[in-house]
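This report covers helix packing and core composition. The sequence and structure come first.

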Amino acid sequence: MLSKNVINSLIDNEIANRKQIQSNNQNLIQTLLSFAQPNQLEIINHPSKKKAYRGTRRTNKSYMAGILMILTALQHSNSKILYLGLTNKSASRVIWSDILQ
């Protein structure tokens, strides 16, 4: 059986690790948001859980979707995120090219 000191030490280490991860996530979130355009930030920061955006060509719609997906994953662990395209292949190609840009 583990002593109270060992258990408290393990708990303290876990709390410190989680705080570090949260701090790293906040830094990454700020970096991601710095790349977004003002009109994209308006949509990203909207309080609605479900978002849809229809825009003309070359408005970086898929890039904004990539930022939204990454932000959601960082802010809500174990979240499920849906991205739709015409086909699975085209959706994968579009979103991966924009995320890895």
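At roughly what angle do the axes of α1 and α3 cross? They cross at roughly 165 degrees and come within 10 Å; axes are lines fitted to C-alpha atoms, for helices over the stretch in contact, and angles run from 0 to 180 degrees between N-to-C directions. The two helices are therefore roughly antiparallel (over 145 degrees). Their crossing is left-handed, meaning that the near helix is turned anticlockwise from the far one by less than a right angle.

This is a predicted model, in which local features need pLDDT of at least 70 and side-chain atom pairs count only at pLDDT 80 or more, while totals for chains, interfaces and linings use all residues. Residues are numbered from 1 along each chain as its sequence is written, and side-chain values use heavy atoms, without hydrogens and water.

| α1 | N25, L28, I29, L32, L33 |
| α3 | I67, I70, L71, L74, Q75 |

By class, the contact holds eight nonpolar, two polar and no charged residues.

The largest nonpolar core has 11 residues, including I29, I44, Y63 and L71; such a core is a set of buried nonpolar residues joined through side-chain atoms within 4.5 Å. At least two core residues come from each of α1 (4–34), α2 and α3 (61–75), and α3 gives the most, five. Beyond four places in sequence, L71 contacts I29, L32, L33 and I44.

Q40 lies in α2 (residues 38–44). Q40 is buried (under 20% relative accessible area) because its relative accessibility is 3%. Leaving out residues up to four places away in sequence, Q40 touches T59, N60, Y63 and M64.

Terms used. Helices (H or I, at least four residues) and strands (E, at least two) are DSSP runs, numbered from the N terminus. Buried means under 20% relative accessible area, exposed over 50%, partly exposed in between (1.4 Å probe, protein chains only). Contact means heavy atoms within 4.5 Å. Angles under 35 degrees count as roughly parallel, over 145 as roughly antiparallel, 65 to 115 as roughly perpendicular and the rest as oblique. Ala, Val, Leu, Ile, Met, Phe, Trp, Tyr, Cys and Pro count as nonpolar, Asp, Glu, Lys and Arg as charged, and the others, Gly among them, as polar.
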